[in-house]
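Dear colleague,

I am passing on the structure below, together with an account of what was found in it. Please keep it open beside this message while you read.

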Amino acid sequence: MGQNNNVTEFVLLGLTQDPDGQKALFVMFLLIYIVTMVGNLLIVVTAIASPSLGSPMYIFLAYLSLMDALYSSAISPKMIIDLLYDKKTISFPACMGQLFTDHLFGSAEVFLLMVKAYDRYVAISKPLHYLSNHE
């Protein structure tokens with residue numbers, strides 16, 4: 001039989017090999033990730049907690065923010081953590097899991113944007129058919 005050369009893990013080279021550059025990138029990406037998560041989760045909590053924001057536009061906005069938070073969490077934490085470690089590898093199943101979640105939440109965001117655009121289209125082009133009073 002032939003040789004068995006299955007890939008079991010990938011070596012991630014990263015953006016730079018300079019340790020000081022990696023520390024600077026770690027701080028920068030961590031701050032961006034924290035701001036993204038806090039902003040998106042704040043939108044979700046505000047849209048859910050406020051009874052005056054019960055219209056479909058705000059519900060879609062809350063779901064879009066939730067999908068963005070999940071989409072950001074698919075890959076960013078692994079990249080941020082790897083900026084601190086010398087050995088930057090990812091197993092094949094973990095890579096496929098990241099790829100799956102990235103595509104899942106990315107396509108969910110696109111679908112939500114499409115539904116939100118249709119909602120706005122109906123609200124603008126057919127205002128008498130669109131529900132404007134929610135109790």
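A residue is called partly exposed here when its relative accessible area falls between the limit for buried, under 20%, and the limit for exposed, over 50%. Arginine 120, with a relative accessible area of 29%, is therefore partly exposed. Please bear in mind throughout that this is a predicted model.

I begin with the salt bridges, of which the structure holds two. In one of them arginine 120 is paired with aspartate 119, and the closest N and O atoms are 3.3 Å apart. Whereas arginine 120 is partly exposed, aspartate 119 has a relative accessibility of 9% and so counts as buried. The other salt bridge joins lysine 78 to aspartate 82, with 3.2 Å between the closest N and O atoms. Both of these residues belong to helix H2, where they are four residues apart, or about one turn of the helix. Here too the two partners can be described separately: lysine 78 is partly exposed because its relative accessible area is 25%, while aspartate 82, at 7% relative accessibility, counts as buried.

Next comes the arrangement of the helices. Two packed helices are described by the angle between their axes and the distance between the axes. For helix H1, which covers residues 19-49, and H2, the axes come within 9 Å and cross at roughly 155°, so that H1 is roughly antiparallel to H2. The crossing of this pair is left-handed. For helix H2, residues 56-82, and H3, the axes likewise come within 9 Å, and they cross at roughly 160°, which means that H2 is roughly antiparallel to H3. H2 passes H3 in a crossing that is left-handed.

Glutamine 98 lies in helix H3 and, because its relative accessibility is 18%, counts as buried.

Aspartate 102 is also found in helix H3, which spans residues 92-125. With neighbours within four places in sequence left aside, aspartate 102 is in contact with Tyr71, Ala74 and Ile75. The cut-off for a salt bridge is 4 Å between a side-chain nitrogen of Lys or Arg and a carboxyl oxygen of Asp or Glu, and lysine 78 has its salt bridge with aspartate 82.

Apart from neighbours within four places in sequence, phenylalanine 105 is in contact with Met67, Leu70 and Tyr71. Phenylalanine 105 and leucine 66 are separated by 39 residues in sequence, and their C-alpha atoms are 9.7 Å apart in space.

Technical notes
Residues are numbered from 1 along each chain as its sequence is written. This is a predicted model: local features need pLDDT of at least 70, side-chain atom pairs count only at pLDDT 80 or more; totals for chains, interfaces and linings use all residues. Side-chain values use heavy atoms; hydrogens and water are left out. Helices (H or I, at least four residues) and strands (E, at least two) are DSSP runs, numbered from the N terminus. Contact means heavy atoms within 4.5 Å. Axes are lines fitted to C-alpha atoms, for helices over the stretch in contact, and angles run from 0 to 180 degrees between N-to-C directions. Angles under 35 degrees count as roughly parallel, over 145 as roughly antiparallel, 65 to 115 as roughly perpendicular and the rest as oblique. A crossing is left-handed if the near helix is turned anticlockwise from the far one by less than a right angle, and right-handed if clockwise. Buried means under 20% relative accessible area, exposed over 50%, partly exposed in between (1.4 Å probe, protein chains only).
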